[in-house]
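Me: I have a model open and want to learn how to read its features. Can we take them one at a time?

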Amino acid sequence: MKIHIKTYGCQMNERDSEAVGAMLTEAGHTLVAEENAADVLLFNTCSVRDAAERKAKGKIGYMRKLKQHRPDLIIGVMGCMAQRLGDRLLAELPHLDFVLGTGQTHRAPEIIAQIAADRVRLAETAAAPEEIDMLGAHGRNSWSAQIAITRGCNRFCSYCIVPYVRGREVSRSRESILAEARELAAAGVREILLLGQNVAAYGLNGDIRPPTPDHSPFAELLEALNEIPGLERIRYTSPYVSYFNERLISALVRCRKVCHNIHLPLQSGSDRILKAMNRQYTAADYRNKVAELRRAIPELTFSTDVIVGFPGESEDDFRMTRDLMNEVGFEQAYIFKYSPRPGAKSASLEDTVSEEEKLRRNNLLLADLQERIGRKLAGLVGTTQEVLCEGVSSRNIGRWTGRTGTNFVVHFEPDASVRPGALRQVRITRAGGVSLFGELL
């Protein structure tokens, strides 16, 4: 059958969709880019924010018209929204054929075959801890690939439903991760991105207590990956600030292939709000850890996540967040207006900040970010950067795009020898609003 997969949400969902697509292809199906060409429509959904759920539901609801014209069309939902709502989705969307929770994703080929044969409707949301080692399949060859090293989360931040829809934290075996990475490198992959809700907690068996200074299974994993021939770059997302101990920082310094860019969620710069969020660190803890990391790796860049308008956030709380963001000098930030999620602890709190005020605070942080990015990019003009070539620019077919190890995007005119995944030296000639321009050396 011809199958179309539509993905909403995070990089973990993107990785799941790729793995499911590869499994379906191996089972004899064909992936297609157009909905109208498909015999099966599979929506991989997100539930972390209300807007993501509404967007997915709206799209799936619209498919009802298509199914009226094509009654044999199979429509399925997987991912976090599927896990959260389960068979309620079947009641709400009568044209929906199946629902697969986050622990049942690996059964997609089996479920699709069952529905095609018996025309049953079903929802499968049971947990399956072994599922993490069943999603190592990859699609088409590329210069980059994602590897999920953990699933689930044990942190239980008060605003977040990930522990409820992704389950408790589980780490893959080191051997299976290394085998997957070696296979990818042999197929031409030059950069890997390690994925997990808290990658730095890898191998700690779900213990939320930060490890002792000399113990970090994640550091050991990075060191082993660093030795794989063919791999040129290793990225990872997202860690929790408390897990950056001496052992891990030492590994980041020594491992040449590990990129000098960290996505380090902050969420708030107010200790009072951090406590209400159940983020188990203070603003001073965060500030000190960033300073420690920068002493070890001076060129290190940072990105972050921040929530504005959390219940009870005062103007002073917001000011502390804004001040800390400017002090750290994040090169990128993902700023979200708080929205309560059913099932999360904070959903029981009164949403005290108006939508207008959330938008104002959001826009102030975005304006600060734009100013910081402009200064950082301007400061790189005249330098030479090592760039991993990605391919033709989406905005100008006469240029190629690449990325530095510190995660700055660079545009340049290619020569005949440029290939995706190649590392090239580029002299930066000018700065744009969010990216750099340069010439190959």
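Reply: Start with the loop between β11 (233-237) and α9 (246-254), where serine 238 lies. This is a predicted model.

Me: Which peptide bond is cis here, and what is its omega?

Reply: The bond joining threonine 237 and serine 238 is cis. Its omega is about -5°.

Me: Now backbone angles. Which residues other than glycine have a positive phi?

Reply: Two cases to look at. Asparagine 205 has a phi of about 60°. Glutamine 267 has a phi near 75°.

Me: Is asparagine 205 buried or exposed? And glutamine 267, buried or exposed?

Reply: Read the relative accessibility. Under 20% is buried and over 50% is exposed. Asparagine 205 has 77%, so it counts as exposed. Glutamine 267 has 7%, so it counts as buried.

Me: Next, glutamate 313. Where does glutamate 313 lie, and why does it count as buried?

Reply: Glutamate 313 lies in the loop between β13 (301-308) and α12 (315-328). It counts as buried because its relative accessibility is 4%.

Me: What does the side chain of glutamate 313 reach, and with which side chain does it make a polar contact?

Reply: Take the backbone partner, then the side-chain partner. The glutamate 313 side chain reaches the backbone nitrogen of glycine 309 at 2.7 Å. It also makes a polar contact with the side chain of arginine 361, at 2.8 Å.

Me: Which residues is glutamate 313 in contact with, leaving aside neighbours within four places in sequence?

Reply: Arg272, Ile273, Ile307, Val308, Phe318, Thr352, Val353 and Arg361.

Me: Let me try glutamate 299. Where does it lie, and how does its accessibility of 43% count?

Reply: Glutamate 299 sits in the loop between α11 and β13. At 43% relative accessibility, it counts as partly exposed.

Me: What does glutamate 299 touch, not counting residues up to four places away in sequence?

Reply: It touches His260 and Thr406. With the side chain of histidine 260, the glutamate 299 side chain makes a polar contact at 2.7 Å. Glutamate 299 and glycine 405 are 106 residues apart along the chain, and their C-alpha atoms are separated by 9.9 Å.

Me: Now the whole chain. How many helices and strands does the protein chain have?

Reply: The protein chain has 13 helices and 19 strands. Its radius of gyration is 22 Å, close to the 22 Å that the globule rule gives for 441 residues, so the chain is as compact as a globular protein of that length. Of those 441 residues, 54% count as buried.

Me: What share of contacts comes from residues 24 or more positions apart?

Reply: Such pairs account for 72% of the contacts with a separation of 6 or more.

Me: And how many charged side chains are there?

Reply: The protein chain has 58 positive and 55 negative side chains. The centres of the two sets lie 3 Å apart.

Note on methods: Residues are numbered from 1 along each chain as its sequence is written. This is a predicted model: local features need pLDDT of at least 70, side-chain atom pairs count only at pLDDT 80 or more; totals for chains, interfaces and linings use all residues. Side-chain values use heavy atoms; hydrogens and water are left out. Helices (H or I, at least four residues) and strands (E, at least two) are DSSP runs, numbered from the N terminus. Buried means under 20% relative accessible area, exposed over 50%, partly exposed in between (1.4 Å probe, protein chains only). A polar contact is a pair of N or O atoms within 3.5 Å; within protein, one must be able to donate a hydrogen and the other to accept it, and residues adjacent in sequence count only if both atoms are side-chain atoms. Contact means heavy atoms within 4.5 Å. The radius of gyration is taken over C-alpha atoms; the globule rule is 2.2 Å times the number of residues to the power 0.38. Lys and Arg count as positive and Asp and Glu as negative; His and the chain ends are not counted. The place of a charge is taken as NZ of Lys, CZ of Arg, CG of Asp or CD of Glu.
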